[in-house]
Amino acid sequence: MLEKLYQEAQQRKKAPKEGSYTNYLFDKGLDKILKKVGEEATEVVVASKNTDKLEIANETADLLYHLAVLLVETEVSLEEVEAVLVSRQGKTSKTQDRKEITNY
């Protein structure tokens with residue numbers, strides 16, 4: 001599905017369609033696309049906190065769509081994203097909790 005979203009966004013970029021929301025985003029530029037990605041990411045967080053599965057699914061779909069538009073706008077391919085994910089597979093995380101501050 002991500003590939004289809006990406007391809008459709010690419011097609012709209014190459015051949016704009018009158019009244020297309022995707023073309024509206026491309027016409028407005030990167031800042032508008034980034035704003036929408038941020039809004040949709042926040043809405044996924046809120047939906048998740050509300051534990052509403054339908055709302056989570058809807059907001060995640062919106063986020064994935066806007067991410068596809070962002071990738072097309074910035075000329076980052078799905079293959080490049082996949083390569084990063086593949087390179088991370090099986091690696092051990094170095095993430096640690098910060099030590100508690102006891103001296104004030």
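L85 is exposed, at a relative accessible area of 51%, where exposed means over 50%, buried under 20% and partly exposed in between, with a 1.4 Å probe and protein chains only. This residue lies in helix α5; helices here are DSSP runs of H or I with at least four residues, strands are runs of E with at least two, and both are numbered from the N terminus. The C-alpha atoms of L85 and E18 are 36 Å apart in space, and the two residues are 67 apart in sequence.

The model is predicted: local features need pLDDT of at least 70 and side-chain atom pairs count only at pLDDT 80 or more, while totals for chains, interfaces and linings use all residues. Residues are numbered from 1 along each chain as its sequence is written, and side-chain values use heavy atoms, with hydrogens and water left out.

The chain contains five helices and zero strands, in the order α-α-α-α-α along the sequence. Its radius of gyration is 18 Å, well over the 13 Å that the globule rule gives for 104 residues, so the chain is more spread out than a compact globule. The radius is taken over C-alpha atoms, and the rule is 2.2 Å times the number of residues to the power 0.38. Along its principal axes, the C-alpha trace spans about 60 × 35 × 30 Å. Of the 104 residues, 24% count as buried. The chain exposes about 8400 Å², of which carbon and sulfur atoms supply 53%; accessible areas come from the Shrake-Rupley method with a 1.4 Å probe, and for residues only the protein chains shown count as cover. Among contacts with a separation of 6 or more, 58% come from residues 24 or more positions apart, a contact being heavy atoms within 4.5 Å.

Two packed helices are described by the angle between their axes and the distance between the axes. For α1 (residues 2-14) and α2 (residues 21-28), the axes come within 9 Å and cross at roughly 65 degrees. Axes are lines fitted to C-alpha atoms, for helices over the stretch in contact, and angles run from 0 to 180 degrees between N-to-C directions. The contact residues divide into two nonpolar, two polar and two charged. Nonpolar covers Ala, Val, Leu, Ile, Met, Phe, Trp, Tyr, Cys and Pro, charged covers Asp, Glu, Lys and Arg, and the others, Gly among them, are polar.

L30 is found in helix α3 and counts as partly exposed, at 34% relative accessibility. Leaving aside residues up to four places away in sequence, L30 touches L70, E73 and T74. Between the C-alpha atoms of L30 and A57, 27 residues apart along the chain, the separation is 25 Å.

Most residues other than glycine have a negative phi. T51, although not a glycine, has a positive phi of about 50 degrees. T51 is placed in the loop between α3 (30-49) and α4 (53-73) and counts as exposed at 64% relative accessibility. E75, also not a glycine, has a positive phi of about 60 degrees. The loop between α4 and α5 (78-88) holds E75, which counts as exposed at 70% relative accessibility.
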